[in-house]
Amino acid sequence: MGRLEGKIALITGISGGQGRAAALAFAREGAKVVGCDLKAEAAQETAEMVRGEGGEMTSIAPVDLSDEQEATRWVEDAAAVYGGIDVLYNNAALARIGTLAGMSTDAWHYTLKYELDILFFVTRAAWPHLVKRGGGSIINTGSIIAGRGSDMPMAAHGAGKAGVIGLTKHMALEGGNSGIRANCISPGLICNEMFEQLLKDPNDNLYKQIRTSPLGRIGQPEDVAGLAVFLASDESSYITGTNIVIDGGQTLGIGMSFGQEPAPLFAQPVDLPEAEGEKLTIETLDGESEAWLFTPREEKGPWPGVMIYTDIMGVRPLFKSMAQRLADAGFAVLLPNLFYRLGPPLDPPLSVKNSGEFGELLGMAGTLSKDTIVRDSGAWLAALAARPEVKADPLSCVGYCMSGPMAIWTAAAHPGKVGAVAVFHGGHMVMKGDDSPHLAFKDCAARFYFGCAETDAFMTGDHIATLKESLEQAGRPHEVEVYPGTYHGFAIADASYSREGSEKHWEAMIDFLS
Ligand SMILES: NC(=O)c1ccc[n+]([C@@H]2O[C@H](COP(=O)([O-])OP(=O)(O)OC[C@H]3O[C@@H](n4cnc5c(N)ncnc54)[C@H](O)[C@@H]3O)[C@@H](O)[C@H]2O)c1
């Protein structure tokens with residue numbers, strides 16, 4: 001007999017991660033599970049996995065629990081079909097990252113809505129059904145961030161999760177008389193597909209957080225599911241109003257070493273020429289953008305024109321040196337400030353290696369979109385083409401990391417002007433939705449080179465396969481190379497640099513653009 005035999009358990013957010021693991025674990029213990037999620041297909045997949053093991057589960061999706069009526073209907077439908085509710089596991093949540101000073105009111109409200117409102121709507125609807133059964137167990141999902149904070153700027157998320165812990169106590173207080181127990185699970189970092197990739201990179205901030213925690217590993221969704229089964233079962237019948245941390249000691253260990261020092265990280269970068277370039281001011285549709293022009297120091301032009309889009313850290317001395325190195329190979333290179341709407345390049349620049357600064361950079365990157373790059377790129381290309389040092393041939397565009405998609409969108413918006421695109425460790429080039437960069441190849445007239453990192457949370461092996469397929473379908477000449485032993489950022493000396501990978505990228509880029 002299972003530990004949850006015959007119990008009717010509602011679980012929110014079942015399309016993957018902890019929700020999926022809980023659905024499987026609850027059903028294995030004999031519960032009848034009803035789940036919901038925003039994502040219908042993945043939620044259905046979970047239900048099929050449960051049924052494939054002989055368990056009982058219904059998935060109702062898409063359901064958006066932030067809509068009061070949808071949340072209530074999901075609970076009522078579940079209770080009507082199964083005849084009641086014994087366990088409610090509030091797992092679903094979504095949050096926005098951002099500094100206090102930089103966070104929009106919309107992002108703040110979004111986070112509280114998807115952390116707190118959804119939990120309130122679902123619990124309020126389930127309450128009378130739990131009372132009717134003579135009680136039951138509510139399991140909420142907090143986070144260690146509520147108590148400890150985070151080195152990433154996640155104030156809204158921290159506030160939301162602290163709210164969940166507070167709400168749990170009141171549920172326990174109000175529910176005791178009716179036999180309703182309420183507890184909160186506060187996980188530390190728990191593995192999902194993105195964390196799994198990031199943790200392979202010893203240069204990544206997450207790596208240090210995990211390696212310096214007592215157990216030295218990231219948690220698995222199954223770890224959390226085990227605790228949820230216990231809280232759902234009668235074994236925990238004298239536990240209510242608590243917040244249980246499940247984090248492998250991450251809360252204790254951050255910043256400490258437990259004999260598992262991360263490996264020495266950075267290879268010595270190859271010296272690059274110092275260069276300032278010629279500063280230009282370019283009129284765009286939305287204002288004035290700075291850009292810097294670099295030409296070979298020892299030859300006379302005209303030269304083929306190349307536009308380089310920076311990574312998330314923007315225009316900085318390193319990227320000017322990179323532009324000069326490319327220029328010295330026989331090109332006229334334009335380096336525009338992608339973030340000109342926010343002001344001139346930051347001096348000193350922010351670093352992705354500092355978690356707090358990385359959060360700020362993510363906020364800045366959030367101001368860029370397909371629309372902004374399509375609006376800006378015409379002006380930048382025209383300014384480059386108008387220079388007497390630039391040959392009349394089609395221009396080329398190079399993108400790194402976050403600007404991989406931007407280089408593709410630029411080529412798609414200006415097929416008559418952009419003849420070649422090279423992208424190195426580009427991320428998010430294969431996304432869900434109609435705006436995904438890989439769907440834009442059909443609008444391009446360029447040839448493409450992609451130098452991908454072997455381990456990249458933002459461009460996995462599956463994404464690379466899809467990228468190749470779409471290039472083929474669009475009939476675009478292309479080469480896609482995976483650089484062995486490299487991580488996202490390998491070409492850039494102040495990112496996850498690999499000397500070998502970076503030098504190979506120079507060779508490949510110059511060869512491709514020549
Ligand atoms: N993964 C971690 O490191 C971690 C750490 C601490 C706390 N948590 C918390 O654990 C819970 C699960 O995290 P996860 O990593 O498995 O996340 P996840 O993103 O994989 O799963 C959350 C699911 O909730 C669904 N969802 C969100 N809003 C919804 C809505 N309005 N209506 C219906 N479905 C909705 C999402 O579609 C998603 O499938 C969350 O509450 C999260 O905040 C996670």
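P302 is found in the loop that runs between β9 (287-294) and β10 (305-309). In this predicted model, the peptide bond joining G301 and P302 is cis, with omega about 0°. A cis peptide bond also leads from A61 to P62, where omega is near 5°. P62 has its place in the loop between β3 (56-60) and α3 (68-82).

Backbone geometry also draws attention to two residues with positive phi. C401, in the loop between β12 (395-400) and α14 (404-413), has a positive phi of about 50° although it is not a glycine. C401 counts as buried because it has 29 C-beta neighbours inside 10 Å, the threshold being 20 or more. H428, likewise not a glycine, has a positive phi of about 55° and is found in the loop between β13 (418-424) and β14. Because H428 has 14 C-beta neighbours inside 10 Å, it counts as partly exposed.

The next topic is strand pairing. Strand β14 (residues 447-455) pairs with strand β15 (residues 478-487) in the parallel sense, over 7 bridges. Within the pair, C452 stands opposite V482 in β15.

At least three residues of the core come from each of domain 1 (8-253) and domain 2 (278-513). Leaving aside neighbours within four places in sequence, A9 is in contact with several residues, including F26, V33, V87 and A232.

Methods. Residues are numbered from 1 along each chain as its sequence is written. This is a predicted model: local features need pLDDT of at least 70, side-chain atom pairs count only at pLDDT 80 or more; totals for chains, interfaces and linings use all residues. Two strands pair if DSSP finds at least two bridges between them. Helices (H or I, at least four residues) and strands (E, at least two) are DSSP runs, numbered from the N terminus. Domain bounds come from an automatic or database domain assignment. Two residues are in contact if their C-beta atoms, placed from the backbone, lie within 7 Å. A residue is buried if 20 or more other C-beta atoms lie within 10 Å of its own, exposed if 12 or fewer, and partly exposed in between; C-beta atoms are placed from the backbone.
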